[in-house]
Amino acid sequence: MTIVPTAASVVLADIRKSFGSLEVIHGIDLSVTEGEFVVFVGPSGCGKSTLLRMIAGLEEVTEGEITIKGRDVTDLDPSERGIAMVFQSYALYPHMSVRENLAFSLKMSRTSVAEIDRRVAQASAVLKIDHLLDRRPGQLSGGQRQRVAIGRAIVRKPDVFLFDEPLSNLDAELRVSMRIELARLHRELGNTMIYVTHDQTEAMTLADRIVILRDGRIEQVGTPRQIYEDPANTFVAGFIGSPRMNLLRGRWVGPGRVRVSGVEIDVPLSVAAPPEGSEVEYGIRPEHVEIDRNARSGMPATVEFSEYLGGTRYIYTRLTDGQNLTVEDRTDIAIENGQSISLSRHAGKSLAFDGNGGRIR
Ligand SMILES: Nc1ncnc2c1ncn2[C@@H]1O[C@H](COP(=O)(O)OP(=O)(O)O)[C@@H](O)[C@H]1O
Ligand SMILES: [Mg+2]
């Protein structure tokens, strides 16, 4: 019997999943707080959908326990869990109107006509689809269909909403506007939401807390800011952020000192310092590197090429030891390919990682 804190909405206790003899989820512990928006993010195949489907009851749990609002639901049917799930494929009934699609699950559970009408009206108002109620899915745009799919979840008044890549079928512009809609929806409804995506921008913008998954294991759980500023390892550091964090081979030369491409750099002094001379990785985000106008004092580099995006410019450089370093630059300093420059780093933004990719702190 697991002891569940009262504010917990969904608790996963040592969850494992095998397909045949192959284990794909290797013991996940996670506690989602009531009303929280939690995003599972990670590369394709890392187990996001499998984990969500186990919470939904669509996939059997091989080992471990799932509780929702303090109730053990591990072996319960999806319909008994107080959840509603929204998929990437909208899975609407094509021969039914929007109104009938929204009402369907309530009809099946013998909800009164008056209550169905009330909930359909409420959900369609929240989603701004009240003018579409008499259309069929075939007469809707992709974004409108996805709203109907979300509406079908809302009318059921679930304790927990589960989303599996709900915006992946939409074009880029619509994804951004639906993302903002989802954030608004969460504020208005206040429900616990668990949202799966491979898109780091969706994760960063929607989540109260992000869960970073890799190969069926949790790499880090934290607020977007914690994940971005304080990554636990090189995988998290490289996965979140675009352009990627620069991760450079270096050597630990003394307490809080790393040598990279011939230059000694201060990194935060560490309790668990690696032995002197050991190989480490040095991490610094592109926006924390600057072109040194006075030159000479920084790290020497050669400009390979740059991309001008208007507000910013990405400058791809090569260091004297051949490693590459990307700079996100907002100045209008004239730069040419092949030019020698000197790079300086924002104090306090340097990170160091040990030989296994774990953060040295
Ligand atoms: N029904 C299944 N049978 C066998 N293997 C599966 C099945 N569903 C998923 N997997 C495997 O489990 C792993 C995780 O898959 P999935 O949860 O779909 O990943 P994600 O959603 O993160 O892309 C993958 O290696 C995938 O091939
Ligand atoms: Mg998936």
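**Ligand site and domain interface**

Modeller: A polar side-chain atom of Ser-49 comes to 2.8 Å from an oxygen atom of ligand 1, in what is here called a polar contact (a pair of N or O atoms within 3.5 Å; within protein, one must be able to donate a hydrogen and the other to accept it, and residues adjacent in sequence count only if both atoms are side-chain atoms). This is a predicted model, in which local features need pLDDT of at least 70 and side-chain atom pairs count only at pLDDT 80 or more, while totals for chains, interfaces and linings use all residues. Residues are numbered from 1 along each chain as its sequence is written, chains are lettered from A and ligands numbered from 1 in the order in which they are written, and side-chain values use heavy atoms, with hydrogens and water left out.

Lys-48 also places a polar side-chain atom 2.9 Å from an oxygen atom of ligand 1, whereas Gly-45 contributes a backbone N or O atom, at 2.7 Å from a ligand oxygen. The surroundings of ligand 1 (residues with a heavy atom within 4 Å) include Phe-19, Val-24, Pro-43 and Thr-50.

Contact, meaning heavy atoms within 4.5 Å, links 9 residues of domain 1 with 10 residues of domain 2. The two domains bury about 780 Å² between them, 48% of it from carbon and sulfur atoms; buried area is the accessible area (1.4 Å probe) that two parts lose on being put together, summed over both. On the side of domain 1, Tyr-228, Thr-234 and Ala-237 lose the most area to domain 2, together 62% of what that side buries.

Thr-234 lies in helix α8, where helices (H or I, at least four residues) and strands (E, at least two) are DSSP runs numbered from the N terminus. Leaving aside residues up to four places away in sequence, Thr-234 touches Leu-247, Glu-281, Phe-353 and Gly-357.

Between the domains the count is 1 salt bridge, a term for a side-chain nitrogen of Lys or Arg within 4 Å of a carboxyl oxygen of Asp or Glu. The side chains of Asp-230 and Arg-359 form a salt bridge with an N to O distance of 2.7 Å. On the domain 1 side, α7 (224-229) and α8 (234-239) each supply at least two of the residues that touch domain 2, and α7 gives the largest share, 3 residues.

Further along, a cis peptide bond joins Ser-242 and Pro-243, with omega about -5°, and Pro-243 sits in the loop between α8 and β11 (246-254). Most peptide bonds are trans.
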